[in-house]
Amino acid sequence: MSNKVSIRRLPTGIPGLDNLLGGGLPEFSFNLIAGTPGSGKTTLAHQIMFSLANPNNRALFFTVLGEPALKMLRYQQQFSFFDVGKVNQSIRFVNLSSDLLEGDFDRVLSRIAKEVKDYAPSLVFVDSFRSVVQTAKQKEQGESELQRFVQQLGMQMTSWQATTFLIGEYMLPETETSPVFTVADGILWMSQNLHRNSMVRKIQVVKMRGQAQAPGLHTFRIGDEGIRVFPRAIVKESTANESATRAPIGEARVPMGTPFLDDMLGGGLPVGYSLLVVGPSGSGKTILTTEFLAEGARRGEPGVIAAFEKSPSQLLGNKKLHALIQAGQVGMIDTRSLDLSIDETLHDLITIIDRMQAKRVVIDSLSGFELALAPEFSEDFRGSLYRMIAELTGMGVTILMTSELEDRYTDLRFSPFGSAFLADAIVVQRYIEIAGQFKRAISVVKVRGSKHSKDIRLFDITDEGIIIGDILSGYSGIMTGNPMVNPSLK
């Protein structure tokens, strides 16, 4: 028999937040929601409160801001989570501003205790708790007096068998000395930063006693439905059982849908691999991705495309791709909004992959993806992209990414930002000059853990798609920039 105390975890009702907390909020815990002004602290508290409050689980919300609760509620009513039927039924608001003006901590404690005793809530919120701290400084009350007040408040809240939240505006230096951060069982830190012309909001679980939380900063957005958190992708180590269940390399292959390309790849692209198709503008990258998705549809393998260089209307201008999307065989994620984060994009991809049971994913292109990101995220593009690809391939999907690269002829590169190492396989499309004309050439640079063709082949783009032709022979200028004409080339 186990002697461990079982702690119930409460769902927050905020998409993505429970994942960060390690499964939800510990019942009867003493939590601090802190951060900079305007970062969304009150909205987070209200969303949790309206999600959890019901006739058997009532909530008490203390305001000490000096503004009436009606003014605060006027703005909170704009969110879809707000349920006016719960106000004064399952949720009660109490204004403590007049008590706080006297600067008597004991009086504030007595008022809170009386309200809690009379209402018997399961949830207690105090907003903004920093007002109490500021009042202590203005009244020249000692740090020991403030610490005593915080400790008594925390002990009282725990004895009330209520899950409690203190909400306040804090700057980072204050966290080092504030007694609130020591007493709290859980600390959620929220911030918003203006980077050039982009507004980025992030949340961090600084502390959550008794359970493992997701480390680091995570992106969140405030929309009409309230707050949505996009947990940061974390690369997980494969267990022995997971490694044993994976098919050995070469046993399961994904046909590309382009004749001869499968042969060049050594029998197709291994399942769960990421393929990077690199080439200059107009070399046929998007056509190759369309054939990849169409082949999946023919085989009953749904696909998903995230196009960052084209608007949805431009994407649907591709008749074959449009037909696949209309038939429900290919899903498309909306990448129109600026200031994206990779974690938000990954969330959208996983959602549609799960819904469609997709087996193939196209990202067209990495160059456009980087430009669509908020500047703060693009600075760590390689690291974030690595986590994203690892998460998707871990789901068993096969990924095809494109990257536009200026063809300099003498400079053989596979990515403008050094991310070629992320791909398990690389296909390069290039222009070459033969007899006064530009021709297209394709080659397979690598397929990790598998043999592949070393040939460089000419190819054409026709109404039927990409047609791969003869091996390029007798041409020494493909890497040197010094073309030699070979009349035998077709």
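Four phenylalanines, Phe 50, Phe 79, Phe 81 and Phe 82, come together as one aromatic cluster. Rings of Phe, Tyr and Trp (for Trp, its six-membered ring) are taken as a pair if their centres lie within 6.5 Å; planes under 30 degrees apart count as stacked, over 60 as edge-to-face, and the rest as tilted. The model is a predicted one, so to speak of local features a pLDDT of at least 70 is needed and side-chain atom pairs count only at pLDDT 80 or more, while totals for chains, interfaces and linings use all residues. Residues are numbered from 1 along each chain as its sequence is written, and side-chain values use heavy atoms, with hydrogens and water left out.

By the ring rule, the count comes to eight aromatic pairs. Take Phe 61 and Phe 93: their ring centres are 5.4 Å apart and their planes meet at 45 degrees, so this pair is tilted. It ties together distant parts of the chain, with Phe 61 in strand S4 (residues 59–63) and Phe 93 in strand S5 (residues 91–95), 32 residues apart. Helices (H or I, at least four residues) and strands (E, at least two) are DSSP runs, numbered from the N terminus. Both Phe 61 and Phe 93 are buried, where buried means under 20% relative accessible area, exposed over 50% and partly exposed in between (1.4 Å probe, protein chains only). Tyr 431 and Phe 438 make a tilted pair too, at 5.8 Å centre to centre and 55 degrees between the planes. Here Tyr 431 is buried, with a relative accessible area of 19%, whereas Phe 438 is exposed at 58%.

Rings also meet charges. The charged end of Arg 58 sits over the ring of Tyr 119, 4.2 Å from its centre, and that of Arg 360 sits over the ring of Phe 292, 4.8 Å from its centre. For this, NZ of Lys or CZ of Arg has to be within 6 Å of the ring centre and within 35 degrees of the ring normal.

Turning to the fold, the chain has 17 helices and 22 strands. Of its 490 residues, 51% count as buried. An open sheet of nine strands runs in the order S16-S15-S17-S18-S14-S19-S20-S21-S22, with mixed pairing; two strands pair if DSSP finds at least two bridges between them. Strand S16 (330–332) and strand S22 (465–471) stand at the edges with a single partner strand each, so one side of each has no neighbour in the sheet. Inside the sheet, strand S14 (residues 274–279) and strand S19 (residues 425–434) run parallel and are joined by four bridges. Val 278 has Val 428 as its bridge partner in S19.

Helix H14 (residues 342–356) lies across strand S15 (303–307), S16 and strand S17 (360–364), at about 155 degrees to S15. Helix H17 (residues 381–394) packs on the sheet, touching S14, S17 and strand S18 (398–404), and its direction makes about 150 degrees with that of S18. Axes are lines fitted to C-alpha atoms, for helices over the stretch in contact, and angles run from 0 to 180 degrees between N-to-C directions; contact means heavy atoms within 4.5 Å.

Finally, Phe 220 lies in strand S10 (residues 218–223) and counts as buried at 2% relative accessibility. Beyond its neighbours within four places in sequence, Phe 220 has contacts including Ser 39, Met 190, Ile 203 and Phe 230.
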